[in-house]
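Please look over the structure below.

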Amino acid sequence: MANDETEKVIRIAGSITVDELAQALGLSVTALIGELFKNGIVATINQRLDFETAEIMIQELGMKNVRLERKNTASKLSDEGRRELSKDAVSRPPVVAVMGHVDHGKTTLLDNLLQKKTVATEAGGITQHISAYQLTHDGRKITFLDTPGHEAFAAIRQHGAMLTDIVVIVVAADDGVKPQTVEAIKFAQGANAKIIVAINKIDREGADVERTKAGLAEHGLMPEEWGGDIMMIPVSAKTGEGLEKLLESILLVADVEELKADVEIPAEGLVIESHMETGKGSVVNLLVTGGELRVGEFVVAGSAYGKIRTMADFRGKPKGKAGPSTPVTVTGFKELPNFGDRFLEYKDEKSARKAALLNAQGVADDAASANVTSRDLLRMMNVEDNSKMFNVIVKGDVLGSVTSVVDSLKLIDTKGEVTLNVVATGVGDVTENDVYMAAGDENTVIYGFNVNVPTNIAKLAARDGVEVRNFRVIYELLDDARESMEKLLGEEVVETEVGKMEVMGVFRVTKTELIAGGKMTDGKLIPGVVAKIVRKKEALGEAEVESVQKEKIDAKELVEGEIGGLAMKTERKIELAVGDKLEFFTRETRQRKLGE
């Protein structure tokens, strides 16, 4: 029998009208509107559905052989988008991401390499953004990306790995492999980047290089000296020991990989940071991946475009041009491009503006122009109780901060019990409009990250009952969000079994009291626990243990194998008998946790 279930692919830029989706699915408009209505959405024929809503509706309709795809409008970073090299491609410096556990010393290692003192400026000693640097070793350049180190930065680290050729994973010799270390390994492997391990803190007491290597081997990184292909370099970021060998290893890997790029092409690359500065306007950090970027050229990144007005290296020194694998800071964009956007050079302002408009059209076609969004639909379908929806407005100092906060918030696993809804985002201080947007819903919180809350805005928020919470360290913000969502879950009763007894004698049975004796068959018995009375697997009732005796003397506990007596308080008469089983447990009320 022939397979007539050929997969059908529907491509949309960002949103689609009810009429268009019905035609693409081969349904009547009435049928689709009816299905939307069943899910709580009253839609008209010309109403627009965003991509996620259309996808959900296809699933609801049971159309397993229909797949939705996004039309690629904005130029986001992707492996598929990398240019095929020409025969004229030239060698380029390696781009190296430094990753590792939050306190394993990767930023200190970079500071030593670059002779920059930046640790003291980081909140809590933690890198908050991706920072790009370049150094020269043996006459050759190496570009470093210092990526955030806490597990909360999983999303932004993934971007960092995608930008790189080589990943240096920093592991402390006195602490070994941690969950964030494993995460960095996975990201590096997923980005097809070559891996070098810097085993740091070898100067510390308790440092064990061989044990650290063994831990890494358990996660698929086999040292060269053990027959594997991973270079593992013992280093001390503090004393500088081993750093020369680390740089030599990076250049060796770069030679083997034969890293190249075209320069006789329009400049292109990635946006790695952007923010606004008084007197300068948009300040954007770029990593050039191809061509040569020059002052005066027109560039487009997503829906933003502009003419490069100034360009400087990572130290702030002016540059006239920048080739492949070079990080630069530029001004001249008319608006802020997004973190991760791919930038391209255009010959003149007219063509740059046109390209930016086409990209903007794709973005506008997305959720902004959609009348019915997936948020609306999911709220109707899954969240009957609005008290289980946690709404947030995120304000950050730079776009990279906003991106990392939002992406990291979305990584909080709520098991579908609480819906986290990002109402709005923005760069800059908390404003009056943010407060007005949050007012009227006690489950809406404004999160600020490295921004200010002006006094008049704080007073307005207090007057309107709006929570504004400002943070400088991202994992503290995420912990706060997690705690806030857990409060929405309410409390739960938790029972923990502590022991079991077989009744060997019954001495007193009244309406409110039981006195008996028996042998502990498991665990222990202490006053204050609850006893479940079981006869032939049937629960007869419960009683509270008031006191415990051993050899007719009050005791603090009875343990497995011991014989003793107990007095219990009951709310009704229970006819306890010899041979009954008592199952002891504690019962407490506690705040529910996400994912439990």
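## Salt bridges across the sequence

A salt bridge here means a side-chain nitrogen of Lys or Arg within 4 Å of a carboxyl oxygen of Asp or Glu. Lys 524 and Glu 557 form such a pair, with their closest N and O atoms 4.0 Å apart. Lys 524 sits in strand β26 (residues 513-525), while Glu 557 is in the loop between β29 (553-554) and β30 (558-559), so the pair ties together parts that are 33 residues apart in sequence. The model is predicted.

How accessible are the two partners? Lys 524 is partly exposed, at 37% relative accessible area. Glu 557 is partly exposed as well, with a value of 33%. The whole structure contains 24 salt bridges. Side chains of opposite charge can pair when their charged atoms come close.

## A pair in helix α7

Glu 210 makes a salt bridge with Lys 213, and the closest N and O atoms are 3.6 Å apart. Both residues belong to helix α7 (residues 209-217). They are three residues apart, which means a separation of about one helical turn.

Is each partner buried or exposed? Glu 210 is partly exposed, at 43% relative accessibility. Lys 213 is buried, because its relative accessible area is 6% and the cut-off for buried is under 20%. The pair is also part of a network of salt bridges that links Glu 210, Lys 213 and Glu 225.

## Glu 513 and Arg 508

Another salt bridge joins the side chains of Glu 513 and Arg 508, with an N to O distance of 2.9 Å. Glu 513 is partly exposed, at 25% relative accessibility. Arg 508 is partly exposed too, with a relative accessible area of 42%.

## A positive surface patch

Which residues form the positive surface patch? They are Lys 334, Lys 350, Arg 353 and Lys 354. Arg 353 lies in helix α9 (residues 349-368). Its relative accessible area is 36%, so Arg 353 counts as partly exposed.

Ser 236 is in the loop between β11 (231-234) and α8 (243-257). Its relative accessibility is 0%, so Ser 236 counts as buried.

What does Ser 236 touch, apart from its neighbours within four places in sequence? Its contacts are Asn 200, Lys 201, Ile 202, Asp 203, Glu 241 and Leu 243. Asn 200 is 36 residues from Ser 236 along the chain. Even so, the C-alpha atoms of Ser 236 and Asn 200 are separated by 5.2 Å.

## Two lysines with positive phi

Most residues other than glycine have a negative phi. Lys 201, one of the contacts of Ser 236, has a positive phi of about 65°. Lys 201 is in the loop between β10 (194-200) and α7. Its relative accessibility is 13%, so Lys 201 counts as buried.

Lys 537 also has a positive phi, of about 70°. Lys 537 is in the loop between β27 (530-535) and β28 (538-550). Is Lys 537 buried or exposed? Lys 537 is exposed, because its relative accessibility is 84% and the cut-off for exposed is over 50%.

Technical notes
Residues are numbered from 1 along each chain as its sequence is written. This is a predicted model: local features need pLDDT of at least 70, side-chain atom pairs count only at pLDDT 80 or more; totals for chains, interfaces and linings use all residues. Side-chain values use heavy atoms; hydrogens and water are left out. Patches are made of residues with over 30% relative accessible area and no salt bridge: like charges are joined within 9 Å, nonpolar side chains (Val, Leu, Ile, Met, Phe, Trp, Tyr) within 5 Å. Accessible areas come from the Shrake-Rupley method with a 1.4 Å probe; for residues, only the protein chains shown count as cover. Lys and Arg count as positive and Asp and Glu as negative; His and the chain ends are not counted. The place of a charge is taken as NZ of Lys, CZ of Arg, CG of Asp or CD of Glu. Helices (H or I, at least four residues) and strands (E, at least two) are DSSP runs, numbered from the N terminus. Buried means under 20% relative accessible area, exposed over 50%, partly exposed in between (1.4 Å probe, protein chains only). Contact means heavy atoms within 4.5 Å.
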